[in-house]
Amino acid sequence: MELVVADDRLVVEYFTRGLFFDQIALARSGDRRSTLLRSNAAEVIISAPTDPDGPLADHLARHGDSVADIALYHDDLPALLADSHAAGLSVLAPVGSRTPHGPVTARVSGAGSAHHTLISTTSHLLGRLPPGFAWESEQVTFPVPAESRAASVRPQSVDHVAWCLPAEDLEAVTARYRQAFGMDMLSSDQITAGPTVTNSYVLSAPGLVFVLVAPDRRRQPESSGQIDAFLKAHGSAGVQHVAFATNDLVTAVRMHARGRVEFLPVPDAYYDRLPTSLTDRPQVRARMDDLRAGGVLVDHDDSGGLLYQIFTRSPHEGGVLFYELIQREAPSTGFGRRNVRALFEAREAQARVAGAQGSPPSSASPRSAASPTDD
């Protein structure tokens, strides 16, 4: 995925020093400067505009720091493009090749501010430098030693991407993604937390999970709560947060905090209210002190699998886009329904405090000191 940001130096530092991503390559073109970051299967491109009148500068002016593109790989690009067009997604670039012998790509619109570059797996091998950028070098600037503890806790992959949508768009966007990309409906839910009442759908395809969230206008007729705050600040529908999977979340939280990653606070009472169905499980009971100390949330789903989660404060200007770290113990397939409510409540409490103090909600500099707490 590609992020468009105002200060790429700070964001690259956040990912490399804080989240243990490797800096792989740099690309410069007429209107942008892009840095490729990679951690195992998770790949992120950080782009900043260099032309004040270019399309990236326009995107930044309208949406602030945000996810601008999520690339999808497929072995039959013409068929995928046809399905996308039939589903109502706009074709932004037809099937073609950027170079005579380069990989075949196309581009379609997505939900709100984020689009999708489509890449043919028959002409591009996974792990190669992403097409469409004039990469100048391929080298690891901030390598994580293979034998270090960081190598075992760094992000393994993108677990899911969470979108915020206007209430009137939820059904249509869901239908478009299901038809265009053949995504299955994993679950649907409604969550009430303070003034926020949301409806959500979880869509899945191989290697791809989207969580689509929108306000419920039947139960929340007025604009309020953090989803509406996102839509107002972002200027449209868009990606609210990206979740990275890790193998050892408790250790990861401690190590990321040393890299100045900040996490949303969770009330201590959260752990006192955990149901016995969780606290009686040996693996939860054995690490409860560590979960409480790190602010790591825990939940289980109908499959019986355990889920550990933590949400970062936003490192971006405007405080809109943030990140989640998640650890699943098989056969966990859920997304922490109880924890989502805790996330909403914590972010809204944070917004109320920030509003009373006259400061923007959820904002935090990547260079500020961190303490390991969670939502």
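**Close-up 1. Aspartate 7 caps the N-terminal end of helix 1.** A side-chain oxygen of aspartate 7 lies 3.2 Å from the backbone nitrogen of arginine 9. Helix 1 covers residues 8–18. Helices (H or I, at least four residues) and strands (E, at least two) are DSSP runs, numbered from the N terminus. This is a predicted model: local features need pLDDT of at least 70, side-chain atom pairs count only at pLDDT 80 or more, and totals for chains, interfaces and linings use all residues. Residues are numbered from 1 along each chain as its sequence is written, and side-chain values use heavy atoms, with hydrogens and water left out. Buried means under 20% relative accessible area, exposed over 50%, partly exposed in between (1.4 Å probe, protein chains only). Among the buried residues are Asp8, Leu10, Tyr14 and Phe15. Just after the helix, phenylalanine 20 takes a positive phi of about 70°.

Close-up 2. Two strands pair if DSSP finds at least two bridges between them. Strand 3 (residues 32–39) and strand 4 (residues 42–49) run antiparallel, joined by 8 bridges. Leucine 36 has isoleucine 45 in strand 4 as its bridge partner. Contact means heavy atoms within 4.5 Å.

**Close-up 3. Histidine 160 sits in strand 10 (residues 157–164).** Histidine 160 is buried, with a relative accessible area of 4%. Its side chain makes a polar contact with the side chain of aspartate 159 (2.7 Å). Another polar contact, of 3.2 Å, joins the side chains of histidine 160 and glutamate 324. A polar contact is a pair of N or O atoms within 3.5 Å; within protein, one must be able to donate a hydrogen and the other to accept it, and residues adjacent in sequence count only if both atoms are side-chain atoms. Beyond its neighbours within four places in sequence, histidine 160 is in contact with residues including Val209, His241 and Phe335.
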